[in-house]
Amino acid sequence: MNRLYLGSDSPVKDVNVMTTLEISLVISVTEEPVPEESRWPNISYQHIEAGDFPDEDLISHFDHCYRLIAKAHEKDETVYIHCRSGTSRSATIVMAFLMKKHCISYLNSRKRVEKKRKVFPNEGFVHQLELYERMNFFANGYNQEYRRFLLKSLTYKLRSNGLSLGLTNNLQSKSPKATSRAERDMKFHYEYNCLKNYFKKIVAAEQTGDQFYDSTDTGPVYTCYYCNHELFNQINIITEKVSDYSCRDLFIEPLQTYCTQSDDETSGYLKCPNWNVSH
Ligand SMILES: [Zn+2]
C-alpha cells in the first residue's frame, strides 16, 4: 500500500509522525472529527461519522472514500486513515479501497492489509464488504440487498435513539410533562433527520447506478386500485405475505411522498395521495 497508511488515532496529534510520513490528507472514521486545536496547517481533514457497530453504515461511504484517496494519489499525496484503534472502521474503508482499485475480493483485500497490520472488522462491516464485492465495487441504489441494509441501519439508529430517550426520562422524572414533550420533539427531529439522510443516500446511490441501469430495474409499478395513481415499485417492497381471505400484505420501504402524511396515515396503512380527491 504505497502512500496509504492505516492506524489508530494517536499519531494524528503527533506532528513528528505526520511530517515524517509526509501526510497531506487525514481521513477520520470516528464519532467526532479531529478537533480544530489538534489540526496541522498543511494537512487537510475529512471526517466520516461512524461508530464501531455492526449496523453502522460504512458501505455508502466506500465510493466517496475511494475517490478521496484516488484523488490524493493522483497528486502523489499520502493519506492517513484512522479510527480509534485502526482495526475495524478505518480498516474496512481501506479494504474497500483496495477491492475497488484492484478488482479483488474481500478476502484477498483483507490478506493484503494483514500483511502489514492485523485487522478486526466487526461482522457487520464484513457483511458490507462482501455486499460491495457482489455489487462489483460500487454502491448500487437498484440493488435490493443494499437498500435493505440502508433501512436496517436506519432502524438501528432510530432504536438507539429511543433507548437514550428512555434514559432521559428516568433521570428527569421530576418534571415528566416537560420531558415528554421535549422527548417527542427530539424524537420527531431525530426520525426526520434519519429519514432525510436515508432518502439522500438512496437517491445518490440510484443516480450513480444510472450509468449502468435504467428505471426498469425498479420492477413493476403498483398502482392505486381506484384511480391508477402510481404508488410504488417492486423494488420498494421489503416483504410480502399472503394472509387470510387471499389478501396480500406488503411491507414497503419508507417513501418520501408518504412520509409527510399526517398522524392517522402513519398507523401502518398506506393511502393513495388522491384519497380525499377522487375516491
Ligand atoms: Zn388512488
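At 1.5 Å a residue, the 14 residues of helix 3 should span 20 Å, which agrees with the 20 Å between its end C-alpha atoms; the expected span is 1.5 Å times one less than the number of residues. Helices (H or I, at least four residues) and strands (E, at least two) are DSSP runs, numbered from the N terminus. The model is predicted, and local features need pLDDT of at least 70, side-chain atom pairs count only at pLDDT 80 or more, and totals for chains, interfaces and linings use all residues. Residues are numbered from 1 along each chain as its sequence is written.

Helix 3 is mostly covered, with 12 of its 14 residues buried, a residue being buried if 20 or more other C-beta atoms, placed from the backbone, lie within 10 Å of its own. Among the elements that cover these buried residues are strand 1 (4-7), helix 2 and helix 5 (123-134). Cys103, which follows helix 3, has a positive phi near 50°.

Helix 2 (residues 59-74) and helix 3 (residues 89-102) pack at an angle of about 75°, with their axes 9 Å apart; axes are lines fitted to C-alpha atoms, for helices over the stretch in contact, and angles run from 0 to 180 degrees between N-to-C directions. The two helices are therefore roughly perpendicular to each other, a term that covers 65 to 115 degrees. In this packing, Phe62, Cys65, Tyr66 and Ile69 of helix 2 meet Ile93, Ala96, Phe97 and Lys100 of helix 3, contact requiring C-beta atoms, placed from the backbone, to lie within 7 Å.

Technical notes
Angles under 35 degrees count as roughly parallel, over 145 as roughly antiparallel, 65 to 115 as roughly perpendicular and the rest as oblique. Two residues are in contact if their C-beta atoms, placed from the backbone, lie within 7 Å.
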